[in-house]
Amino acid sequence: VGVTRIRAKSLVDGLEGWISLQGNQGTPFLKEVEKPFYSCRADIPLDSQFKRDGSAGPIRTIKAEEIVEVIEGPRKLTYEPGVRVKGKAVSD
């Protein structure tokens, strides 16, 4: 499972960071407009680092309909597979 992210710059305040193009369920967060810009479809976090490890929060939230300039990417972010088990509850 992976998420494609781009390095972008907000045209509102000039902040740069990483944004996911779509969610892990395929919901698009950005819509491509005349290159190299994207128009946001929903409010999404602008992260300072490519990987989202949870240690640092987003720089700020990019608002819906805000335009961002693509600086780098898209790059694919992959996740390690989780450990899963099939089990049965003892009390059932």
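Strands β1 (residues 2–10) and β7 (residues 67–78) run antiparallel and are joined by eight bridges. The model is predicted, so local features need pLDDT of at least 70 and side-chain atom pairs count only at pLDDT 80 or more, while totals for chains, interfaces and linings use all residues. Residues are numbered from 1 along each chain as its sequence is written, and side-chain values use heavy atoms, with hydrogens and water left out. Strands are DSSP runs of E with at least two residues, numbered from the N terminus; two strands pair if DSSP finds at least two bridges between them.

**Sheet**

- Five strands make up an open sheet in the order β2-β1-β7-β4-β3, with antiparallel pairing.
- The edge positions are held by β2 and β3; each has a single partner strand, so one side of each has no neighbour in the sheet.
- On average, neighbouring strands of this sheet are turned by 45° against each other, direction ignored; the axes are lines fitted to C-alpha atoms.
- Five bridges connect β1 with β2 (residues 16–20) in the antiparallel sense, and Ala-8 stands opposite Gly-17 of β2.
- The hairpin of β1 and β2 has five residues between the strands, and Gly-14 in this hairpin takes a positive phi near 80°.
- On the other flank, β4 and β7 pair over three bridges, with Glu-69 of β7 as the bridge partner of Phe-37.
- Three bridges also join β3 (residues 30–32) to β4 (residues 37–40), where Glu-32 is partnered by Tyr-38.

- Leu-21 touches Thr-4, Ile-6, Pro-28, Phe-29, Leu-30, Tyr-38 and Pro-74, leaving out residues up to four places away in sequence; contact means heavy atoms within 4.5 Å.

**Ser-20**

- Ser-20 is part of strand β2 and is the bridge partner of Arg-5.
- The relative accessible area of Ser-20 is 13%, so this residue is buried (buried is under 20%, exposed over 50%, partly exposed in between, with a 1.4 Å probe and protein chains only).
- The side chains of Ser-20 and Arg-5 make a polar contact at 3.2 Å; such a contact is a pair of N or O atoms within 3.5 Å, one able to donate a hydrogen and the other to accept it, and residues adjacent in sequence count only if both atoms are side-chain atoms.
- Beyond four places in sequence, the contacts of Ser-20 include Val-3, Phe-29 and Ile-44.

**Salt bridges**

- The whole structure holds five salt bridges, each a side-chain nitrogen of Lys or Arg within 4 Å of a carboxyl oxygen of Asp or Glu.
- Arg-7 and Glu-16 form one of them (3.3 Å, N to O); Arg-7 is partly exposed at 22%, as is Glu-16 at 34%.
- Lys-9 and Glu-69 form another, with the closest N and O atoms 3.9 Å apart; this pair links β1 to β7 across 60 residues.
- Asp-13 and Arg-60 meet at 2.7 Å, N to O; Asp-13 lies in the loop between β1 and β2 and Arg-60 in β6 (residues 60–62), so the pair ties together parts 47 residues apart in sequence.
- Asp-13, Arg-60 and Glu-66 are linked in a salt-bridge network.

Definitions and conventions:
Helix = DSSP H or I, 4+ residues; strand = E, 2+ residues; numbered from the N terminus. Axes fitted to C-alpha atoms, helices over the stretch in contact; angles between N-to-C directions.
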